[in-house]
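Here's a quick briefing to read with the model open beside you. Have a look at the structure first, then work through the points below.

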Amino acid sequence: DFDNSVPLFLPLYATDRLRDLQILAKEAPRAGHLNFESGWAFGYWINNAAQAYASWHRGSDSQGPLTGDTLFTTLLAPLGEPGADLADILVRLGGAQKQALGQ
């Protein structure tokens, strides 16, 4: 694993997996999705949870259409106000990563 020595925290990864799942739902609706990770455990939990949630709710959930912005908000809603604050941070951080990486 070449990335083990580089601790990364990339909320952008979770929102990109949601986009992948939504593309699969349209182009290959019977296709599944495999979660793969390596490297540092710090921060991976939120990506794993977001990816699992997105796998079950590819296009929408009971709150409406699932987007990169609403993914973290919906996922962290059970934590109340601290969850909403964390979701806001993750959305802003993911946006900054997207812009910095030229996506």
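This is a predicted model: local features need pLDDT of at least 70, side-chain atom pairs count only at pLDDT 80 or more; totals for chains, interfaces and linings use all residues.

Let's start with burial: a residue is buried when its relative accessible area is under 20%, exposed when that is over 50%, and partly exposed in between, using a 1.4 Å probe and protein chains only. Residues are numbered from 1 along each chain as its sequence is written, and side-chain values use heavy atoms, with hydrogens and water left out.

**Overall layout**

- The protein has four helices and two strands; helices (H or I, at least four residues) and strands (E, at least two) are DSSP runs, numbered from the N terminus.
- Walk along the sequence and you get the pattern α-α-β-β-α-α.
- The protein has 103 residues, and 30% of them count as buried.
- Contact here means heavy atoms within 4.5 Å. Take the contacts between residues at least 6 apart in sequence, and 63% of them join residues at least 24 apart.

**The nonpolar core**

- A nonpolar core is a set of buried Ala, Val, Leu, Ile, Met, Phe, Trp, Tyr and Cys residues joined through side-chain atoms within 4.5 Å.
- The largest one here has 13 residues, and Leu 71 and Phe 72 have the most contacts inside it.
- Helices H1 (11-27), H2 (44-56), H3 (68-76) and H4 (81-100) are the elements that give two or more residues to this core. H2 gives the most, with four residues.
- What does Phe 72 touch, leaving aside its neighbours within four places in sequence? Its partners are Pro 11, Ala 14, Thr 15, Ile 46, Ala 50, Ala 87, Leu 90 and Val 91.

**How the helices pack**

- As a general point, two packed helices are described by the angle between their axes and the distance between the axes.
- Axes are lines fitted to C-alpha atoms, for helices over the stretch in contact, and angles run from 0 to 180 degrees between N-to-C directions.
- Angles under 35 degrees count as roughly parallel, over 145 as roughly antiparallel, 65 to 115 as roughly perpendicular and the rest as oblique.
- For H1 and H3, the axes come within 9 Å and cross at roughly 110°, so these two helices are roughly perpendicular to each other.
- On the H1 side, that contact is made by Pro 11, Ala 14, Thr 15 and Leu 18, and on the H3 side by Gly 68, Leu 71 and Phe 72.
- By class, the H1 contact with H3 has five nonpolar, two polar and no charged residues. For these classes, Ala, Val, Leu, Ile, Met, Phe, Trp, Tyr, Cys and Pro count as nonpolar, Asp, Glu, Lys and Arg as charged, and the others, Gly among them, as polar.
- For H3 and H4, the axes come within 8 Å and cross at roughly 155°, so this pair is roughly antiparallel.
- H3 brings Gly 68, Asp 69, Phe 72, Thr 73 and Leu 76 to its contact with H4, which brings Gly 83, Leu 86, Ala 87, Leu 90 and Val 91.
- The residues of the H3 contact with H4 divide into six nonpolar, three polar and one charged.

**Residues to click on**

- Leu 18 sits in helix H1 and is buried, at 1% relative accessibility. Beyond its neighbours within four places in sequence, Leu 18 is in contact with Ala 54, Arg 58, Leu 66, Thr 67, Gly 68 and Leu 71.
- Leu 18 and Gln 51 are 33 residues apart in sequence, yet 6.8 Å apart in space, C-alpha to C-alpha.
- Gln 51 is in helix H2. Is Gln 51 buried or exposed? Gln 51 is buried, with a relative accessible area of 2%.
- Not counting residues up to four places away in sequence, Gln 51 touches Tyr 13, Arg 17, Leu 21, His 33, Leu 34 and Asn 35.
- Leu 66 lies in the loop between strand S2 (64-65) and H3, and counts as buried at 3% relative accessibility.
- Leu 90 belongs to helix H4. Not counting residues up to four places away in sequence, Leu 90 touches Phe 9, Pro 11, Ile 46, Phe 72 and Leu 76.
- Ala 96 is also found in helix H4, but counts as partly exposed, at 41% relative accessibility.
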